[in-house]
Amino acid sequence: MTAPTLDQLPDHAEALPSLPEVVNYLIRALNDDNANLETLAHHINSDPAIVARLLAAANSVTAGLSKRVHSAGQAFLLLGADRIANIILASALIYRYDTHTSGFNARMLWQHSLGVATCARVLAEQTGVDPDLAFTSGLLHDIGQLLMHTASPSHFLQALDRHLNEDIPLFVAERSVFGYDHCDAGRILATAWKLPTDIIDAIAAHHEPDGFGSEIGNLIHVSECLSHALDLGELPSNRVPDLSELACANLGLSWPKFAAHFAEIEARFDDFRVSLGI
Amino acid sequence: MATKQRILCLAPGRATPGITLARAITDREGSILLSAGTVLDLAMLERLIRRGVDAISVLVPDNRDEATIADELRAAQRRIETIFRGPGNPAREQLHAAVLNYRIESTK
């Protein structure tokens, strides 16, 4: 059987569960000055599963203080809206798209995505890019893999096998099996989900950003490489991909200087990972 | 003999009261919130979380002997060489150098 073509992917996108409503709200709020805490609190409180995960995460964030957080309101007061939004966004995605079959474990994808999102937020804080956009784009950058796996699990597993056995980048292995990669597939899924253009660009550009001229694309590409370099998630097959010189230059990045933030990135990633239980 | 100490970076919620700051904590404008050497109590840690401070550098006892440190350094260097295996472009080499240097300094 041949692999599904790029043109056929939009039909397969419908087979994936839709984005959780709270994720849609948080993504829309990125570009909306009128988004407010009350609406976010309403979205959170209307879903008991989200409240439960938020409280678990909030209690984990404050683990060293032996202080219990009992309500979403308390969590907001202690952690602030930005942290709450990050926790909700990540946990809603992780639990909605928790595919686990032999050979493909979405948890590993989300752990890597959380690593990229953490690097993206810190890089954004240092380079003047919107940190919330950076974090969200980092979390979503690999969603193309979910679509490719849904469209044809056997072909996706074949690409994963090639990636591991031949020690080649996954996107190169995908091209050899499907004729396109998860950046292309991610662009199609992000378009089907009506995500903002910035996030679509970040997803499409994250492995080869030079042709896109997108600031957020450059930032997510560098974050992808940095996350691998700091071994966030410690995948056994981890190998740092090639890094675009142009993307680094456009962001005004100097590694000897930015290295002062490596320890902070690791601390923030560990905190997040433990809080989310992944 | 004074106990040897090392610097760890962690989220304020993962620190326990009584721990000592290794580096000053500044806000986004660069003003010092707490100076190096401050012993953090519960109220300070809670305030740091509320202010959105995501990571702090603290001093922890270092009970490792020289042989253990040497083993850890070798393991860290081996891991870096593994994840940077194969040919890479110049930008990747610069990242490689920065991460290797960071790993060595933070393991010592």
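Trainee: Which residues is A:Leu219 in contact with, leaving aside its neighbours within four places in sequence?

Mentor: Happy to start there. In this predicted model, A:Leu219 is in contact with A:Ala120, A:Leu123, A:Ala124, A:Thr127, A:Val129, A:Ala134 and A:Leu251, once neighbours within four places in sequence are set aside. Two residues are in contact if their C-beta atoms, placed from the backbone, lie within 7 Å.

Trainee: Could you sort out the ground rules for me?

Mentor: Of course. Residues are numbered from 1 along each chain as its sequence is written, while chains are lettered from A and ligands numbered from 1 in the order in which they are written. For chain B the mean pLDDT is 93, with 98% of its residues at 70 or more, and the model scores ipTM 0.94 and pTM 0.94.

Trainee: Which residues touch the most other members of the largest nonpolar core?

Mentor: A:Leu219 is among them, with A:Ile88, A:Ala120, A:Leu147 and A:Val222, in a core of 113 residues. A nonpolar core is a set of buried Ala, Val, Leu, Ile, Met, Phe, Trp, Tyr and Cys residues joined through C-beta atoms within 7 Å. Domain 1 (5-61) and domain 2 (66-107) of chain B both give residues to this core, so the core lies between them. Those bounds come from an automatic or database domain assignment, and the C-alpha centres of the two domains lie 27 Å apart.

Trainee: Why is helix α12 of chain A called largely enclosed?

Mentor: Because 8 of the 9 residues of α12(A) (residues 197-205) are buried. A residue is buried if 20 or more other C-beta atoms lie within 10 Å of its own, exposed if 12 or fewer, and partly exposed in between, with C-beta atoms placed from the backbone. The buried residues of α12(A) pack against α7 (131-140), α8 (143-151), α11 (182-192) and α13 (215-229) of chain A. Helices (H or I, at least four residues) and strands (E, at least two) are DSSP runs, numbered from the N terminus.

Trainee: What makes A:Lys194 count as exposed?

Mentor: A:Lys194 has 11 C-beta neighbours inside 10 Å, so A:Lys194 counts as exposed. A:Lys194 sits in the loop between α11 and α12 of chain A and has a positive phi of about 60 degrees, although it is not a glycine. A:Glu234 is also exposed, with 11 other C-beta atoms within 10 Å.

Trainee: Why are β1 and β2 of chain B said to stand at the edges of their sheet?

Mentor: The open sheet of 3 strands has the order β1-β5-β2 (chain B), with antiparallel pairing. β1 and β2 (20-21) each have a single partner strand, so one side of each is left without a neighbour in the sheet. Two strands pair if DSSP finds at least two bridges between them. β1(B) and β5(B) (residues 56-61) have 6 bridges, and β2(B) and β5(B) have 2.

Trainee: How many residues does each chain bring to the contact between chain B and chain A?

Mentor: The contact takes 32 residues from chain B and 32 residues from chain A. On the chain B side, α3(B) gives the most, with 10 residues.

Key
Predicted model: local features only at pLDDT ≥ 70, side-chain atom pairs only at ≥ 80, totals over all residues. pLDDT = per-residue confidence, 0-100.
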